[in-house]
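Here are some notes for a colleague opening this structure for the first time. They take helix packing, then the ligand site, then the backbone.

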Amino acid sequence: MTEKQLKELLADLTFEEKLGELQQITNTYFGENGIVTGSDARHILNEDEVNLAGSVINVVGPAKIREIQEKHIKNHPHHIPMMFMFDIIHGFATIFPIPLAQSCSFEPDLVEAIARETAREASVSGLHVTFSPMVDICRDARWGRVMESYGEDPYLTSKMGVAAVKGYQGDDLSKEGTLAACVKHFAAYGLVEGGREYGVVDTSERFLRQYYLPAYKAGCDAGSALIMSAFTANAGVPADADKHLMSDILRDEWGYEGAHITDYGSTRTMKSHGVPETDAQVAKLALEAQVDIEMCLYCYHNGLPELLEKGEITMEQIDRAVMRVLQLKNKLGLFENPYRYTDAQKSDELKNNPEALALAQDAVSRSSVLLKNEDKLLPLNANDNKKIAFIGPYVEEPDMFGGWSIRHQYKIDLKNIHTAINERYPNGNFTFNEGCMLLGEDEPMFKFNPRRAKSVANYVEHDAAARKEKIAKAVEDARNADVVVMCIGEHTLMGGELTSRTHIEIPLIQKELFDAVEEVNDNIVVVLFNHRPLDISDISEKAKAVIVAWFPGIMAADGITDMLFGEKAPTGRLTMCFPHTVGQCPIYYANFPTSHSPVTEDFFVTGYIDCPLTPLYTFGEGMTYTEFEYGEIKLSKETLSEGETLTASVDITNVGDRDGVETVQLYIRDPYAAVSRPLKELKGFKKVAVKKGETVNVEFTLTTEDLKFYNVELDYICEPGEIQVFIGKDSAVKEHADFQVI
Ligand code: BGC
């Protein structure tokens with residue numbers, strides 16, 4: 001449709017139809033074959049109103065989507081199609097590593113390829129919108145949702161968010177194989193105090209603009225068709241009511257014209273925050289903040305008629321919101337083709353096709369992080385007849401998908417690590433032993449959250465004698481082995497929404513297993529499954545090698561086998577710091593100097609009396625199966641002014657005994673500025689393949705844009721003065737070369 005036709009359509013809609021466009025409903029309104037089942041206790045819309053709803057969440061399956069759409073178009077007075085939205089967070093039929101793992105690849109191209117494949121699979125199954133990517137900056141491992149993010153750094157998160165938007169949407173949203181993206185959760189949801197889900201956020205406008213907003217802006221600038229607000233209230237202002245953020249900044253400053261959707265019932269959470277009391281008050285605040293679609297709640301439905309009648313809002317305000325919804329439908333090509341690319345047969349064919357599975361398998365080593373590898377214990381050799389004992393619940397458990405996974409779409413048989421290794425190396429001198437269940441009854445999560453206990457019931461060991469016996473058996477295997485590989489970590493339901501933790505260690509039962517095994521064998525490799533940085537201080541001290549595999553998805557078993565035996569090397573780097581202890585959270589590398597730890601010195605005077613200030617493993621950290629040496633940093637000039645470009649370069653030599661891939665990182669420090677600046681900030685990264693013995697030159701460019709920050713007056717400026725440029729293998733790099741901004 002042309003813009004003119006859209007305007008004509010809008011002008012022709014009744015008020016009820018307009019309200020309908022702003023209403024997102026849940027799948028629960030529909031029974032078998034897409035029939036509207038009418039109101040029940042939880043639903044307040046009647047059948048006529050459901051027939052006007054602009055979008056629906058959580059309907060899955062091409063046949064059902066087609067049925068619902070067909071009936072909807074027929075019943076809608078203007079035959080306006082519905083939009084089908086779903087949380088597709090790390091793959092649809094092919095489940096890829098969790099987003100936090102994907103970010104560790106430091107490869108935006110990988111993130112884009114994963115999003116493209118996801119869009120291909122989901123769009124033929126009838127879906128139009130995914131609520132992804134989440135670009136909240138996450139610096140507190142206690143928050144369960146860090147797994148959905150791209151980590152702690154604004155620069156990296158922006159790059160990854162843009163890659164995901166491009167991958168989902170392609171260059172034309174009406175084309176086959178595309179999905180509309182939705183950057184979320186606007187804004188700064190990751191800042192919840194103490195990692196407490198839905199908790200308090202309080203940040204200054206300067207820090208909000210400097211560190212938390214850039215990734216959303218990058219996603220919006222990349223064309224994300226939607227943006228979703230957060231459940232939180234920054235400094236007491238609920239996001240959906242935050243006119244300054246949603247309207248002044250998002251719409252007026254950034255010029256964002258996409259559709260703004262609330263989070264699931266977040267209009268109600270405005271009331272929970274204790275700001276407005278009635279639906280009408282909520283509706284007024286949200287509409288004034290230019291929120292367009294209300295997800296699964298009815299404040300617009302209940303409140304807007306009354307507000308309009310009293311003259312408290314205008315029809316122009318409503319029309320503006322409805323127009324954005326119509327524009328989104330138009331971008332998706334729904335007016336021309338309401339079923340878009342829904343195709344049951346194609347959807348079935350695309351389920352876990354070999355190409356997608358190969359990408360998923362490759363993604364495992366590209367996103368896993370090798371934190372330690374003493375005595376070059378890894379990679380293992382399947383042919384030297386050394387005895388290897390594989391121990392731990394993830395040796396036998398095939399579900400290594402992690403939180404926010406879609407589990408009903410895949411077609412292949414899931415493999416566990418035991419099977420994958422046996423298939424690949426049938427003659428290996430191996431033993432396999434679960435050692436214990438994933439969780440024990442003593443796990444703190446059960447003490448306060450009985451709901452969790454129910455949902456993970458099948459994974460909990462209730463029998464104390466069995467617990468002892470299984471561990472004793474594993475210890476026997478370990479005693480007789482030359483090397484032990486322990487596959488341990490969080491349960492898949494310990495990450496995602498509503499999974500905040502105060503103990504960020506592996507489950508107690510598995511720690512008991514680790515401690516017992518470690519008593520009898522010194523050569524331990526740990527493969528860790530985790531949604532978040534965990535406190536692994538004890539494990540990493542005692543194990544000789546540690547691979548952080550995160551939750552690697554559908555090809556976890558094969559991907560891990562690749563790495564363990566060196567067919568592929570892990571090349572990921574941490575994108576969130578691993579603390580020494582949970583007491584350090586929140587923790588991040590781009591920290592600030594303090595009154596007693598000046599920016600000019602490389603040590604910290606202030607800190608804890610019982611723990612260093614720095615993390616156990618820092619941002620950017622990670623190894624691979626070869627080593628690299630860095631040469632001297634060279635700058636193309638000593639000064640830089642507006643409009644100019646400066647080149648920073650370094651030689652990297654592969655000094656190890658195999659070809660490898662290095663993630664070269666560039667950080668800057670602005671030691672003296674109008675406001676205190678972080679000790680380091682990432683401003684560039686490149687993942688380069690370097691052959692054994694080879695040297696390559698890696699080059700980055702910087703302009704004054706890279707150096708800008710918000711000063712006291714909130715002007716975004718680059719000041720004259722010294723800038724230090726660090727290039728190295730992680731954020732702890734010490735070597736720098738300096739230039740002057742003039
Ligand atoms: C989450 C969102 C999600 C939405 C829809 C909410 O509870 O915060 O991230 O997109 O539900 O499922």
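1. A crossing is called left-handed if the near helix is turned anticlockwise from the far one by less than a right angle, and right-handed if clockwise. Helices (H or I, at least four residues) and strands (E, at least two) are DSSP runs, numbered from the N terminus. By that rule, α6 and α16 cross in the left-handed sense.

2. On sources: the model is predicted, so local features need pLDDT of at least 70 and side-chain atom pairs count only at pLDDT 80 or more, while totals for chains, interfaces and linings use all residues. Residues are numbered from 1 along each chain as its sequence is written, and side-chain values use heavy atoms, with hydrogens and water left out.

3. Helix α6 (residues 108–124) crosses helix α16 (residues 354–367) at roughly 150°, and their axes come within 11 Å. Axes are lines fitted to C-alpha atoms, for helices over the stretch in contact, with angles running from 0 to 180 degrees between N-to-C directions. The angle therefore makes α6 roughly antiparallel to α16 (under 35 degrees is roughly parallel, over 145 roughly antiparallel, 65 to 115 roughly perpendicular, the rest oblique).

4. A second pair is α1 (residues 3–12) with α14 (residues 315–331), whose axes are 10 Å apart at an angle of about 130°. That angle makes α1 oblique to α14. The crossing of α1 and α14 is right-handed.

5. Which residues surround the ligand? Among them are Ile57, Phe131, Arg145, His185, Tyr264 and Glu497, where near means a heavy atom within 4 Å. The shell comprises 6 nonpolar, 1 polar and 5 charged residues (Ala, Val, Leu, Ile, Met, Phe, Trp, Tyr, Cys and Pro count as nonpolar, Asp, Glu, Lys and Arg as charged, the others, Gly among them, as polar).

6. Ligand oxygen atoms lie 2.4 Å from a side-chain N or O atom of Asp87, 2.8 Å from one of Lys184 and 2.6 Å from one of Asp263. A polar contact is a pair of N or O atoms within 3.5 Å. The protein covers 93% of the 310 Å² of accessible area that the ligand has on its own (Shrake-Rupley method, 1.4 Å probe).

7. Most residues other than glycine have a negative phi, and most peptide bonds are trans. The bond from Phe186 to Ala187 is cis, with omega near 0°, and Ala187 sits in the loop between β5 (182–186) and α8 (205–212). The bond from Cys585 to Pro586 is also cis, with omega near -5°. Gln290, not a glycine, has a positive phi of about 70°; its loop runs between α12 (279–288) and β10 (294–295).

Definitions and conventions:
Polar contact = N/O pair within 3.5 Å; in protein donor to acceptor, adjacent residues only side chain to side chain.
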